[in-house]
Amino acid sequence: MSMISGIQGQLLEVTVVSCNKLKDTEWISRQDPYVCLEYGSTKFRTRTCTDGGKNPTFQEKFVFTLIEGLREINVVVWNSNALTYDDFIGSGKIQLQKVLSMGYDDTAWPIQTKTGRHAGEVRLIMYYANANANKPATSYAPSYTAPQPHPPVYSAPPPHIASYPPEAAYQTPSPYPAYPPHSAAYPPTTYPPPPQPTAYPPVYPPPSSYPPMSYPPLSVYPPMSYVPPEQDYSYPPGPYPGTYPPRPY
């Protein structure tokens with residue numbers, strides 16, 4: 001069952017815009033087309049487009065009173081002749097389902113010859129002002145419920161659980177054996193304490209204020225032959241040379 005109802009007596013505006021690629025019925029001159037519209041007992045005719053040829057332009061508007069149950073308009077295109085009868089170019093049917101449901105329709109409708117061959121197109125613009133009144137109120141209010149936002153699963157860290165022992169209670173065992181701490185029960189060590197460094201620097205003799213003595217090179221003097229004296233072992237040996245205190249400078 002159609003949702004469109006209550007169109008009886010409503011007004012429908014139809015504008016004949018133009019025709020495209022019409023069948024040419026003239027051999028010598030250009031044809032003069034015009035368009036006829038028929039809806040029930042109502043008939044309209046456009047002006048004749050002189051020398052319109054295959055692509056005439058009209059831009060004429062007509063108003064039809066709609067009839068309940070009648071959903072198409074008959075269209076016929078003719079070629080006007082001055083001396084003989086007008087030539088039939090083509091005819092077709094205009095469906096009103098789209099304009100009655102949406103309120104607007106801009107379509108190029110095909111027309112055919114008497115033998116069913118393609119004879120061109122007729123472009124019509126139709127307007128129906130009461131299209132929204134014929135639709136149920138629920139058609140513009142779809143039952144759609146927006147989904148409710150859900151809190152993210154990982155929006156916050158998990159709360160601290162007091163039943164678990166604190167992390168400091170667990171200690172990693174040491175791989176080395178544990179020795180007992182130092183106790184006063186052990187006897188003190190008998191080693192003397194290490195010597196403490198003195199706070200004063202050691203005393204050195206002051207350097208001599210006299211310049212050093214210069215000795216001639218050894219090569220100037222002839223080598224001396226030393227004959228050790230015969231040692232008399234009847235007496236105790238005297239002091240060895242070099243043990244006397246150093247000579248002051």
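A charge is taken to sit over a ring if NZ of Lys or CZ of Arg is within 6 Å of the ring centre and within 35 degrees of the ring normal. By this criterion, the charged end of K114 sits over the ring of F88, at 5.4 Å from its centre. The charged end of R45 likewise sits over the ring of Y34, 3.6 Å from the ring centre. The model is predicted: local features need pLDDT of at least 70 and side-chain atom pairs count only at pLDDT 80 or more, while totals for chains, interfaces and linings use all residues. Residues are numbered from 1 along each chain as its sequence is written, and side-chain values use heavy atoms, with hydrogens and water left out.

Rings of Phe, Tyr and Trp (its six-membered ring) were paired if their centres lie within 6.5 Å, with planes under 30 degrees apart counted as stacked, over 60 as edge-to-face and the rest as tilted. Four aromatic pairs were found in a search of the whole structure. One of them is the edge-to-face pair of Y39 and F64, with 6.0 Å centre to centre and 75 degrees between the planes. This pair links distant parts of the chain, 25 residues apart: Y39 lies in strand β2 (residues 33-39) and F64 in strand β4 (residues 57-65). Strands are DSSP runs (E, at least two residues), numbered from the N terminus.

F44 and F64 form an edge-to-face pair, with 4.9 Å between centres and 85 degrees between the planes. F44 belongs to strand β3 (residues 42-45), 20 residues apart from F64. F64 is buried because its relative accessible area is 0%, where buried means under 20%, exposed over 50% and partly exposed in between (1.4 Å probe, protein chains only). F44, at 26% relative accessibility, counts as partly exposed. Y39 is buried, as is F64. Y39, F44, F62 and F64 form one aromatic cluster.

Note on methods:
Helices (H or I, at least four residues) and strands (E, at least two) are DSSP runs, numbered from the N terminus.
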